[in-house]
Every structure is written in C-alpha cells, then in structure tokens.
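Biologist: Before we discuss anything in detail, could you show me the model, so that I can learn how to read its features one at a time?

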Amino acid sequence: MQELHGYYLEDLEVGMEAFYAKTITEADVVLFAGISGDDNPVHINAEYAKTTPFKERIVHGMFSAALISAVLGTRLPGPGAIYIDQQIKFKAPVHIGDTVVASAKVIEINEERRRVKLETICKVGDKVVAEGVATNMVDRRPA
C-alpha cells in the first residue's frame, strides 16, 4: 500500500511546505459543533453572537487546528505520519464564508527519533488567524 503513503523521513528537507484551503460554510460550523460537542452560542446563535465583541458568529478555533491536521495528514508529511503534538495560538476570529489557508513548513528533522517539526499557520487573506508548531513521527523508507 505504498501508493497511499506520504513522504518518508529520508524524503523530507527543511523548508518543504504544503497547503490546504477551505471556505467555511454554515454546514461546516453546525457539523463541527455536533461532532465536537462545542455548542458555544458564539458559534451557533446569531442573536447571542451580536452581544459579543465579535458582533457576529465566529468559527470554532479548533476548526482551524483541524485544517492543520488536514495538511499534515494528507500532504506533508502525509499518510503514514503520526501527529504527536501541536502548540497553537489563535490570533484572530474566522467567520462563516472565510477561506482559511492552512500551511505546514518543515523547520526541523530529528532522524534518530524520526520526529519532524513543522511551523503551522492558518491565514484568511493576509491575516494570520492561528499559528504554532507541530511535531510528527515519520516512517523511514522500507528496506
């Protein structure tokens, strides 16, 4: 099943980068609330959201983190890699209708431990909405 495998440790280099983009819909927010159990009214109740500093509904912060997971799990390092940890800071709100571009860039490779650190950033246009660092465990190429 090597055709389903992403990059192997030996294929990776510092500076490699990948992206995933998603325009967030009403359905995405409602489904994410249902799946996660996070039904905070700032995400699902327009009248309540008007009373907040945001003045309108905002997308769950962890939805952006899920888009980072999409980059890591499908593009870089891709299938076969194991997501070990994520440090993330949420910098700005995401709104329904926004297109979020998640990126991951290799910043460090520890061949002995098979660990790869990646800078992770989510943007809406030029605005950073979330940023952090992820660690993945990556397979070596089979002998």
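Modeller: Let us begin with the word contact, which here means that heavy atoms lie within 4.5 Å. Please keep in mind throughout that this is a predicted model.

Biologist: Which residues does Asn136 touch, not counting residues up to four places away in sequence?

Modeller: With those sequence neighbours left out, Asn136 touches Leu72, Pro77, Ala81, Ile82, Tyr83, Ile84, Arg114, Arg115, Val116 and Leu118. Asn136 itself belongs to strand β5, which covers residues 127–137.

Biologist: Is Asn136 buried or exposed?

Modeller: The label buried is given under 20% relative accessible area, and Asn136 counts as buried because its relative accessibility is 1%.

Biologist: How should I place that strand within the whole chain?

Modeller: The protein chain has 4 helices and 5 strands, and read along the sequence these follow the pattern β-α-α-α-α-β-β-β-β. The C-alpha trace spans about 60 × 30 × 20 Å along its principal axes, while 36% of the 143 residues count as buried. Among contacts with a separation of 6 or more, 68% are accounted for by residues 24 or more positions apart.

Biologist: What does UniProt list for residues 20–119?

Modeller: The UniProt record, an unreviewed entry, lists "domain: MaoC-like" for residues 20–119. Over that range the chain is 33% helix and 30% strand, and the end C-alpha atoms are 14 Å apart.

Biologist: Which residues are buried in helix α1, and why can they be said to line one face of the helix?

Modeller: In α1, which comprises residues 26–36, the buried residues are Asp28, Val29, Phe32 and Ala33. Viewed down the axis of α1, these buried residues fall within an arc of 130°, and therefore they line one face of the helix. On the other side of α1, Leu31, Gly34 and Ile35 are exposed.

Biologist: What do the buried residues of α1 pack against?

Modeller: They pack against β1 (17–23), α2 (41–44) and α4 (61–74).

Biologist: Now please explain how to read salt bridges; how many does the count come to?

Modeller: The general idea is that side chains of opposite charge can pair when their charged atoms come close. With a cut-off of 4 Å between a side-chain nitrogen of Lys or Arg and a carboxyl oxygen of Asp or Glu, the count comes to 6 salt bridges. One of them joins Lys22 to Asp28, with the closest N and O atoms 2.9 Å apart. Lys22 counts as partly exposed because its relative accessibility is 23%, whereas Asp28, at 16%, counts as buried.

Biologist: How far apart are the closest N and O atoms of Glu47 and Lys50?

Modeller: In the salt bridge between Glu47 and Lys50, those atoms are 3.1 Å apart. Glu47 counts as exposed at 53% relative accessibility, and Lys50 is partly exposed at 46%.

Biologist: And where in the chain are Asp139 and Arg114, which also form a salt bridge?

Modeller: Asp139 forms its salt bridge with Arg114 at 3.8 Å between the closest N and O atoms. This pair links distant parts of the chain, with Asp139 in the segment after β5 and Arg114 in the loop between β3 (99–110) and β4 (115–124), 25 residues apart. Asp139 is partly exposed, with a relative accessible area of 25%, and Arg114 is partly exposed at 25%.

Technical notes
Residues are numbered from 1 along each chain as its sequence is written. This is a predicted model: local features need pLDDT of at least 70, side-chain atom pairs count only at pLDDT 80 or more; totals for chains, interfaces and linings use all residues. Side-chain values use heavy atoms; hydrogens and water are left out. Helices (H or I, at least four residues) and strands (E, at least two) are DSSP runs, numbered from the N terminus. Buried means under 20% relative accessible area, exposed over 50%, partly exposed in between (1.4 Å probe, protein chains only). The arc is that of the directions from the helix axis to the C-beta atoms. UniProt positions are given in the numbering used here, feature names are shortened, and annotations may be inferred rather than shown by experiment.
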